[in-house]
Amino acid sequence: MNLLKATGTIGGLTLVSRVLGLVRDSLFARYVGASFASDAFLVAFRLPNMFRALFAEGAFASAFIPMFNQKVADPEGQGLADGLEFAERALAVLLPVLLAMTVLLEVFAWPVTLLLSGKFHGVSEHEFAFAVTLSRYTVPYLMLISLVSLFGGILNSLQKFWVNAAAPILLNLTLIAALVLFHNRDPMATARNQAIAVSVSGALQLAWLAWACWKNGISLRLRWPQLNPDVMRLMKLILPAAAGAGAAQINLVVSTALAASLLSHGSVTYIYMADRLNQLPLGLIGIGLGTVLLPTISRQLGAGDELDALETQNRGMELALLLTLPATMALVVCGEPIAVALFGYGRYTPADSHFTAQALAAFSIGLPSYILVKVLTPGFYARQDTRTPVRFAMISMAVNLVGNLVLILPLQHMGPPLATAIASTINVWMLYSTLVRRGHFIADRRLRRRAPRLTLAALAMGGVLWRGQELIMPYVHGSWPVRFGALVALVSSGMVVYGIATVVMGAFSRNDLVLLVRRRRTSPTPSNK
């Protein structure tokens with residue numbers, strides 16, 4: 001399997017989605033600004049985002065894909081037919097649970113919104129009721145995106161990665177259409193239309209995945225729910241994986257709730273916008289790598305190829321560092337021109353852009369950790385160990401909570417992002433050291449040699465960008481073409497400097513690229529070249 005090609009396919013489609021997401025956020029900033037209306041929508045939007053990462057995309061995929069692959073690869077079974085039967089039985093139990101959860105969340109939207117926001121800071125009962133209404137509009141998305149994850153997990157296991165990776169594009173297109181066609185002079189009306197559009201996008205994504213499965217000859221029949229041994233095992237794997245896969249999202253929820261209840265209006269929006277920028281490289285690199293590594297490593301382990309699995313994870317770590325370190329440096333150093341160019345117009349003031357850049361710098365310190373979590377956790381999930389990551393995730397969440405409480409008042413909107421970055425870094429250290437101690441991961445000579453050189457190359461790029469950002473600041477306040485050109489010039493110059501630095505410092509070469517692109521099927525041992 002071509003690791004870089006598969007990751008590039010997913011990363012490319014995810015990049016399209018993230019770019020559209022930035023367009024959506026720019027329009028949202030223009031029409032809604034940083035206000036109570038924006039904070040209320042983003043709290044309501046946090047609920048489906050949390051659930052998607054906590055269960056649908058994270059825990060379900062982590063538990064379902066290895067079990068599905070085992071069914072398909074079992075030499076004594078019937079291959080794909082066994083896998084699809086398992087998927088049907090999982091759907092039979094999943095669907096009624098999702099329906100019940102949707103009804104409960106609609107009924108108890110008031111206390112859920114209170115939990116997520118701390119009832120905001122200094123709002124009236126009428127304003128809080130508006131926030132509760134937005135939450136009710138977004139709740140159906142939870143059920144829809146969970147069903148999307150089932151179909152997407154099947155397609156990912158069959159190496160149809162691009163279909164599932166393209167689904168989030170529909171979310172952004174739907175929200176963009178709602179902003180362009182139904183924006184209102186009243187920011188609260190525009191926020192309400194966005195909340196409705198979230199659930200509409202869930203229905204579109206489900207239709208897309210169901211159609212793609214049908215086109216690939218996959219159709220799932222509705223069965224009567226039955227807790228057979230396979231389904232029971234799936235449920236036991238999902239519960240701990242939910243906390244492990246969703247640790248970052250839970251940390252963000254805690255940050256959002258504290259910011260909404262303790263800080264001034266707009267702080268939730270600053271943190272959200274900064275997180276959206278931070279999510280761009282995370283989506284391009286981390287999600288792509290995580291999506292490819294889990295089925296790849298589980299398939300290799302299922303076939304008894306421990307050394308191949310080790311090689312795959314080493315190259316995944318190398319690719320993550322190669323792409324993540326320059327992104328981290330760019331977001332920390334150049335957050336101000338990026339935030340101004342993307343958000344700084346309409347209702348979003350220069351002060352709002354400045355505060356967003358500060359939050360972005362704090363978030364981005366932890367960017368390597370966010371992505372390395374995606375690289376390391378498949379080493380546990382592929383072995384059907386979902387309990388170890390959950391223990392570490394709980395420790396990480398405790399660190400995040402303490403960090404939030406300590407940092408939020410002195411650092412304001414920078415406190416929660418910094419606490420999240422620190423907690424994620426601790427989580428990565430625990431995951432890595434445990435894999436090493438168990439003998440499931442050994443950094444080969446090539447990775448040990450490349451990592452410090454890639455770090456030096458990223459620092460060199462950061463120094464150049466720090467000096468060069470002053471040159472483009474006058475242009476990020478101009479028209480859209482001028483702003484776009486300024487960002488392209490900034491990104492291009494950073495890429496050129498980083499590329500040259502990696503070659504000069506011996507961190508990367510043409511031969512390394514060939515080795516990274518091709519997994520050597522005939523090699524019995526991990527590369528130590």
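The largest nonpolar core here has 141 residues, and Phe 41, Phe 64, Phe 120 and Leu 234 have the most contacts inside it. Such a core is a set of buried Ala, Val, Leu, Ile, Met, Phe, Trp, Tyr and Cys residues joined through side-chain atoms within 4.5 Å. The model is predicted: local features need pLDDT of at least 70, side-chain atom pairs count only at pLDDT 80 or more, and totals for chains, interfaces and linings use all residues. Residues are numbered from 1 along each chain as its sequence is written, and side-chain values use heavy atoms, leaving out hydrogens and water.

- Leaving aside neighbours within four places in sequence, Leu 234 is in contact (heavy atoms within 4.5 Å) with Phe 60, Ala 63, Phe 64, Met 67, Phe 86 and Ala 90.

**Two helices side by side**
- Helix α15 (residues 367–376) packs with helix α18 (residues 415–437) at an angle of about 30°, and their axes are 8 Å apart.
- That makes α15 roughly parallel to α18, a label for angles under 35 degrees.
- Among the residues that meet are Leu 372 and Val 373 in α15, and Val 428 and Leu 431 in α18.
- By class, this contact of α15 with α18 has 10 nonpolar, five polar and no charged residues.

**A residue to look for**
- Gln 412 lies in the loop between α17 (387–411) and α18.
- The phi of Gln 412 is near 55°, a positive value in a residue other than glycine.
- Most residues other than glycine have a negative phi.
- Gln 412 counts as partly exposed because its relative accessibility is 34%, between buried (under 20%) and exposed (over 50%), using a 1.4 Å probe and protein chains only.

Note on methods: Axes are lines fitted to C-alpha atoms, for helices over the stretch in contact, and angles run from 0 to 180 degrees between N-to-C directions. Helices (H or I, at least four residues) and strands (E, at least two) are DSSP runs, numbered from the N terminus. Angles under 35 degrees count as roughly parallel, over 145 as roughly antiparallel, 65 to 115 as roughly perpendicular and the rest as oblique. Ala, Val, Leu, Ile, Met, Phe, Trp, Tyr, Cys and Pro count as nonpolar, Asp, Glu, Lys and Arg as charged, and the others, Gly among them, as polar.
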